[in-house]
Amino acid sequence: MPVTNPYLDIPAFDDFTKVLDPSVYHALPDDWWVGTSDIVGSTKAVEAGRYKEVNMVGASIIAATTNAIGHSDFPFIFGGDGAAIVCPPDKVPDVRNALAATAIWAKEELGFDLRIALIRINDIRKGGHDVRVARFLASKKLAYAVFSGRGISWAEDQMKQGHNLIAPAPSGTQPDLTGLSCRWSPISAEDGCKILSLIMLPRDDRHRFDLCATALFGILEQDRRDSNPVPETGPDFRLGWESLRLEALATQGTEGSKLRAWCKALFISCVALFLFKTGRKLGDFDPLHYRHQTRLNTDFRRFGDGIWLTVNCNAEQTEQIETLLSNAENNGDIWFGIKQQDEALMTCIVPDIASDSHLHFLDGADGGYTAAASVCKAKMKKTATQPLHAEPAST
């Protein structure tokens, strides 16, 4: 009998505001596993201008898992400097090897200490949390996972405390990162606008978080594209040496050598540049359709135990958002962090250019989610270390 995929059995929805509806989420089996990852010291790397490399390594976790499993029909979420994935038990050995290979690749090729871990969902539930998943339909061809239950964030915290860690593979091991690329030009904010990388996390009262989130969605919906930074025609293509370098580093394991990977990346990019500039088709590949589909398939909004957005906002929207979130945070409803930038960066996983199911991860071009998360964490740490106010002494 064919193996069923309980994740694909979950009905998908196309209204992003439904991420706040608990009825759309479904529990995954106890014996499934959660993989978590993050770059140690990513904030300093971003401050040093290495945000493109940080995003590439974060997306590499999803690419490696996709190639290990053989498809992208599994739950995952991209977080800028890392990612979380969920896989069935029969795929755990392959996924473990893929994550370990990615960790040593990140260390030896880019100098990043990529922390990785795996934990069973049953153990997360024993820890008092849950992993509930829904499927948001970004386009007719692609759905992204959204998570509730705080199980993913708890697993990440456990990893950062040194639990459930996976050791990197032996030196020289190469992951299969086929399809991983970053060929698009940076996406500029529209005139009079900024690219906001925004993270909003719940505190103790989920109802008050939902009220704030609903108001936030209303502000973003003032824009006819829901504040999606990607133009309606799709992003622009460019031939950039940094993008070529990262793509060559990602594919050298499957190509057999750095030189061969460089040559292939350069050749493909030159052909793609010609097609995108001229609009000519090549076989089943239609560059105009591909650009349009890229906009639809971009995950500029995510939900994983909180809201993660990379959005294009004008000055009025930005002021409304900051006022709304500041008031909610002062009331003890949420935590939030915002990073304003002039551009956004796109990192892609394209297993097949002729298919419409290619994946595109968006982040701010000046630190993005990493910077916003750093702001969030600083606020949370400050509040946690503040002494409780003493009651006034009686007289």
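The model is predicted: local features need pLDDT of at least 70, side-chain atom pairs count only at pLDDT 80 or more, and totals for chains, interfaces and linings use all residues. Residues are numbered from 1 along each chain as its sequence is written, and side-chain values use heavy atoms, with hydrogens and water left out. Helices (H or I, at least four residues) and strands (E, at least two) are DSSP runs, numbered from the N terminus.

**The sheet**

- An open sheet is built from four strands in the order E4-E5-E3-E6, with antiparallel pairing; two strands pair if DSSP finds at least two bridges between them.
- Strand E4 (76-78) and strand E6 (113-120) are the edge strands, each pairing on one side only.
- On average, neighbouring strands of this sheet are turned by 15 degrees against each other, direction ignored; axes are lines fitted to C-alpha atoms, for helices over the stretch in contact, and angles run from 0 to 180 degrees between N-to-C directions.

**Strand E3 and its partners**

- Strand E3 (residues 33-40) pairs with E6 in the antiparallel sense over eight bridges.
- Within that pairing, Asp 38 stands opposite Arg 115 in E6, and Gly 35 has Leu 118 in E6 as its bridge partner.
- With E5, strand E3 pairs in the antiparallel sense over four bridges, and the bridge partner of Trp 33 in E5 is Cys 87.
- E3 is mostly covered, with six of its eight residues buried; buried means under 20% relative accessible area, exposed over 50%, and partly exposed in between (1.4 Å probe, protein chains only).

**Helices on the sheet**

- Helix H3 (residues 92-110) lies across E3, strand E5 (83-87) and E6, and runs at about 165 degrees to E6.
- Helix H5 (residues 151-160) packs on the sheet and touches E3, E5 and E6; contact means heavy atoms within 4.5 Å.
- The direction of H5 makes about 55 degrees with that of E3.

**Helix H10**

- The 16 residues of helix H10 (residues 315-330) should span 22 Å at 1.5 Å a residue, and the end C-alpha atoms are 22 Å apart, which agrees; the expected span is 1.5 Å times one less than the number of residues.
- Gln 317, Thr 318, Ile 321, Leu 325, Ala 328 and Glu 329 are the buried residues of H10.
- Seen down the axis of H10, the buried residues fall within an arc of 110 degrees, so they line one face of the helix; the arc is that of the directions from the helix axis to the C-beta atoms.
- An α-helix has 3.6 residues a turn, so residues three or four places apart point the same way.
- Ala 315, Glu 316, Glu 319 and Asn 330 are exposed on the other side of H10.
- At the N-terminal end, Asn 314 caps H10 with a side-chain oxygen 3.2 Å from the backbone nitrogen of Glu 316.

**Two single residues**

- Ile 219 lies in helix H6 (residues 206-220) and is buried, with a relative accessible area of 9%.
- Leaving aside neighbours within four places in sequence, Ile 219 is in contact with Gln 317, Gln 320, Ile 321 and Leu 324.
- Val 271 is found in helix H8 (residues 258-278) and is partly exposed, with a relative accessible area of 27%.
- The C-alpha atoms of Val 271 and Thr 17 are separated by 40 Å and lie 254 residues apart along the chain.

Note on methods
A polar contact is a pair of N or O atoms within 3.5 Å; within protein, one must be able to donate a hydrogen and the other to accept it, and residues adjacent in sequence count only if both atoms are side-chain atoms.
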